[in-house]
Amino acid sequence: MKNTFYVTTPIYYVNDVPHIGHAYTTIAADSAARYHRLRGEKVFFLTGTDEHGQKIEKTAKAQGIEPKELANKVVENFKKLWKVLNISNDDFIRTTEERHYNTVTFLFKKIMENGDIYKGEYEDWYCIPDETFLTESQLIDGKCPECGRPVDKLKEESYFFRMSKYTEPLLNYIMENPDFIYPPSRRNEIINFVKQGLRDLSISRTSIRWGIPVPGDDKHVIYVWFDALTNYITAAGYPHDMEKFNTFWPAEHFIGKDILKFHAVYWPCFLLSAGLPLPKRVVAHGWWTVEGQKMSKSLGNAIDPFALAEKYGVDPFRYFLLREVPFGSDGDFSHDAMIKRINSDLANDLGNLVKRSITMVEKFLDKKYELPLNIGIHPSLASHCEETIKEYDNAMLDSSFSRALEQVWNFINILNKFIVGTEPWALHKNKRIEDLKLVMSNLMEGIRVTAILIYPFMPETANKIYSAIGIKEDIETHVKSNLESRSFGKISGKYEVEIIPDLFPRIEEKEKISPPISPKKQEEKFISIDDFAKVEIKIGLVLSAVRVANSDKLLKLTVDDGERQRTIVAGIAKYYSPEEIVGKKITFVANLKPARLMGIQSEGMILAASSENELSIIIPEKDIRTGSKVK
Ligand code: MSP
């Protein structure tokens, strides 16, 4: 058995700012990586960015910059976030790096040499946002079944991967390895999908330039998913550092449920063809909604992980995500739920346990205590602790993070009850010093093991606890130097506690509930239907468009409003070129007081949705008559 652990996150697209979904996968992978390090395993933890493909090409174009420039800008947001969230990745891969280019080219050639790539012609539907090809029968109401957005028809010469050949081998592999896909419900989905028979897969494009060229035919670039999935072996050293590769590969891939097919079907087929071992496991987590709503750019409700970490603290944020819902199920983020977790689990249960225990050692024993190996082990506490560790290990190895944390919290409650049951204050009062020492040393040992168990999830807090109970080393160094110390009562020594500020200050109710709105304010908060009716919104047809001189933001549009032509100056030049907008039916406010912008009289305002570095004009879903009213 190899004593190594290789864990990966998806590589994130660089056309988006990081949100809670990205943070979730990465925090989960980080917790797994930290856990395996504490078990003394050699860990390789990889994350990175997916920088090629049509989606990136399009976003860059809309911003008037080169794709690489966009990637260079956005990658920094991800790197910064991982730092803030205390992510301990060992490598960060960008698909535009040379090492990756080399591996993708090598793998493509190898699969070709094995006879699994041939040239043909492709015609099918394509969903650009998902970078995914779809058959007619997969479409729902003519739209992408995954994201519901419109699809484009593509016909082009293409290289194909003989995926059909791997239907049987893949199915056999999945059946023989029940743990390969997690959770089991997703595994069944994949089994049903593969059973229908796999189609050969188009793995090159001539319609895109932004990607890695097909070796020997640079009219084609390699399909972005072939390119992206290969990152997992590039970073592991394939084929340039086979020693590293053989040490770490195969990996556990942590992903969201939406990209399971790519990881549990396409990727294993590529690997089978190349004669490489398949991933150890593909772990698909669920999706987060926000305050009960689907998170989306158009709703502008994407949760900013920087802001949450700042508001609630990094460790509470990490804890919440992995505790609130079982890994694999969907979850809802709400501020209320977050505050409840902080006040109850963190401040009340854990924070109080540490604080009152340390304070008692300070007061009753002049800060000093010894670990129980010297003093005597409390048998029931020790056996509860061992039971907890056993259940916790099972859950962690199964990626059931919330179950693991539940086990820890059961133990925290046992420790809190232990204090109530043994009444150290009474032992102190009655001068039963030896009994007091026995109780306190066992309590401190329970807290020490608790710190180790929460370390993967809340590394900073865990280390604070370690130092408060007087252990000078950080947890990783300490545990790695003596793996036995993960268990109860296995270390000895004399220690001195140190009083620390509250680990988790409670969040007060008044901060939690926004003040009740007075009836008058209530009215001010809303507008009446009459107010809304004052705004005349109409559909217009853009007849012509030109850039406004000396402005990089403005386009001057001539719009047919159904009755006459009018000029509208719109701040969309960074996102739409004049050619793109001409001929489009747009939505605009028709009765806005005319205003002069850069010397041009503008008679109305175009409606558009924007978020961070994106903007989308609002267009009618059907081809409706120009001049129609919007209400
Ligand atoms: N670039 C591809 C992955 C290639 S891996 C070889 C990609 N990138 S992504 O940036 O769009 O998404 C990355 C991850 O974020 C996915 O695992 C996806 O499931 C996850 N999430 C995106 N929105 C999410 C939620 N609302 N909730 C939870 N995770 C979600 O796909």
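Mentor: Lys 143 has a relative accessible area of 26%, so it counts as partly exposed (buried is under 20%, exposed over 50%, partly exposed in between, with a 1.4 Å probe and protein chains only). Its side chain meets that of Glu 621 in a salt bridge, 3.4 Å from N to O; the term asks for a side-chain nitrogen of Lys or Arg within 4 Å of a carboxyl oxygen of Asp or Glu. Lys 143 sits in the loop between β5 (132-134) and β6 (152-161), and Glu 621 in the loop between β27 (614-617) and β28 (629-630), so the bridge ties together parts that are 478 residues apart in sequence. Helices here are DSSP runs of H or I with at least four residues, strands are runs of E with at least two, and both are numbered from the N terminus. Glu 621 itself is exposed, at 67%.

Two points on how to read all this. This is a predicted model, so local features need pLDDT of at least 70 and side-chain atom pairs count only at pLDDT 80 or more, while totals for chains, interfaces and linings use all residues. Residues are numbered from 1 along each chain as its sequence is written, and side-chain values use heavy atoms, with hydrogens and water left out.

Your pair is one of 36 salt bridges in the structure. Lys 119 and Asp 217 form another, at 3.4 Å from N to O. This pair also links distant parts of the chain, with Lys 119 in strand β4 (residues 117-127) and Asp 217 in strand β11 (residues 217-222), 98 residues apart. Lys 119 is partly exposed at 46%, whereas Asp 217, at 13%, is buried. Asp 30 and Arg 34 give a local example, bridged at 2.9 Å from N to O. They are four residues apart in helix α1, which puts about one helical turn between them, and both are buried. There is also a network of salt bridges that links Arg 39, Glu 41, Asp 393 and Arg 486.

An oxygen atom of the ligand lies 2.8 Å from a polar backbone atom of Gly 256, and one is 3.2 Å from a polar backbone atom of Tyr 13. At the side chain of Trp 287, the distance from a ligand oxygen to an N or O atom is 3.3 Å. On its own the ligand has 660 Å² of accessible area, and the protein covers 94% of it (Shrake-Rupley method, 1.4 Å probe; for residues, only the protein chains shown count as cover).

The peptide bond from Tyr 238 to Pro 239 is cis, with omega near -5°, and Pro 239 is in the loop between α8 and α9 (242-248). Trp 249 and Pro 250 are also joined by a cis bond, with omega about 10°; Pro 250 is in the loop between α9 and β12. Most peptide bonds are trans, and most residues other than glycine have a negative phi.

Ser 399 lies in the loop between α15 (379-397) and α16 (401-422), and at 2% it is buried. Glu 423 likewise has a positive phi, near 45°. The loop between α16 and α17 (424-429) holds Glu 423, which is partly exposed at 37%.

Note on methods. A polar contact is a pair of N or O atoms within 3.5 Å; within protein, one must be able to donate a hydrogen and the other to accept it, and residues adjacent in sequence count only if both atoms are side-chain atoms.
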